[in-house]
Amino acid sequence: KEDQYILAIETSCDETAVAIVKNETELITNIVASQIESHKRFGGVVPEIASRHHIEQMTITLEEALDDAGMTLDDMDAIAVTEGPGLVGALLVGVNAAKSIAFAKQKPLVGVHHIAGHIYANRLEKEFEFPLLSLVVSGGHTELVLMREHGSFEIIGETRDDAAGEAYDKVARTLKLPYPGGPQIDRLAQEGEETIDFPRAWLEDGSYDFSFSGLKSAVINRLHKANQRDEYLKPEDVAASFQASVVDVLSTKAFRAAEEYGVKQMIVAGGVAANKGLRAALQKKFKDSKTELLIPPLHLCTDNAAMIAAAGAVAYNQGHRAGWDLNANPGLDL
Ligand code: KG4
Ligand code: ZN
């Protein structure tokens, strides 16, 4: 059998990314051009600026990936691209680049769901064993996804309001920390102590859903109250207390779901999977469990195109093909 190469493009938010994956699981190159510096002074991603940067970076990133791999577009078996969810203007740049390449080179085109990508990032490290559960925690998502086979995704729990990463970014903003706030709070939390008892949203008995907006408000209100009373709260302690609440709920629900569904693997995916507190709590919970805990290395946790290539390769081999009418879909369902 001949080797198979999939080139993937990801532009759903603020990274322009191109990657090549060989035979579904072997990473050949993974180039990510981050725009964080351009969005920092606005305290968050500005959609119009993101789109414009993607246009500027698309060709450069593509050429860098091909150079790094020592390959050409002719060597590719298919072109995969994130079709959603994400920022529509940002997604459009990647989708149109992928369509142009596929049309010009007469290559098959495959549309990929961004979250499927986050989950499949793990397959570049370790082969999947089904059934598996994935805790997807990013700036836009907080979901527990059950997979019984390749390409099949069943959402057993999700956030009813803010995503975990979103809560991190909002609390960070209140603490006047630079964007993106997640890594900043994580860093502070390591130096602080859980001195404030913030609420945990367990929701109804047995529910695998999440809710973080109440916690976010509780943090903001506590800071406000301290301000009015001229009371000094150590930012490290606020960060540690907030993080303790998020991590407690995420790790407890993930562990309970893993037990109930008797899964072979528990995969953590998305930007918040980089969180040191979450990693430690999950490692502790799953230490003596039959379920194998998999957390990808940092460069595969946050947005990248390798994950899109990994998910795209499976979709391609299952026969999925996108037409020339493929469009960006900001609200795409998993
Ligand atoms: O997956 P990702 O790169 O982009 C989305 O698809 O959303 O995730 C970005 C999110 C941001 O909210 C960021 O603050 C959060 O992941 N994040 C973290 C950490 N590193 C990134 N949150 C908590 N702790 C971290 N160490
Ligand atoms: Zn993401």
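Helix α11 has 12 residues and should span 16 Å at 1.5 Å a residue; its end C-alpha atoms lie 17 Å apart, which agrees. The expected span is 1.5 Å times one less than the number of residues in the helix. Helices (H or I, at least four residues) and strands (E, at least two) are DSSP runs, numbered from the N terminus. The model is predicted: local features need pLDDT of at least 70, side-chain atom pairs count only at pLDDT 80 or more, and totals for chains, interfaces and linings use all residues. Residues are numbered from 1 along each chain as its sequence is written, and chains are lettered from A and ligands numbered from 1 in the order in which they are written.

Of the 12 residues of α11, 11 are buried, so the helix is largely enclosed by the rest of the structure. A residue is buried if 20 or more other C-beta atoms, placed from the backbone, lie within 10 Å of its own, exposed if 12 or fewer do, and partly exposed in between. The buried residues of α11 include Ala 306, Met 307, Ile 308 and Tyr 316. Just after α11, Gly 319 adopts a positive phi of about 95°.

The UniProt annotation "binding site", from an unreviewed entry, covers His 114, His 118 and Asp 303. These residues are spread over 190 residues of sequence but cluster in space, with a largest C-alpha distance of 8.9 Å. UniProt positions are given in the numbering used here, feature names are shortened, and annotations may be inferred rather than shown by experiment.

His 118 is found in helix α4 (residues 114-120) and is buried, with 31 other C-beta atoms within 10 Å. Asp 303 is found in the loop between α10 (298-301) and α11 (306-317). Asp 303 counts as buried, with 26 C-beta neighbours inside 10 Å. Leaving out residues up to four places away in sequence, Asp 303 touches Glu 10, Cys 13, Glu 15 and Ala 17.

The protein as a whole comprises 11 helices and 10 strands. Of its 334 residues, 49% count as buried. Residues 24 or more positions apart account for 75% of the contacts with a separation of 6 or more. The UniProt annotation "domain: Gcp-like", from an unreviewed entry, covers residues 27-309; this span is 48% helix and 16% strand, and its end C-alpha atoms lie 9 Å apart.

Notes: Contact = placed C-beta atoms within 7 Å.
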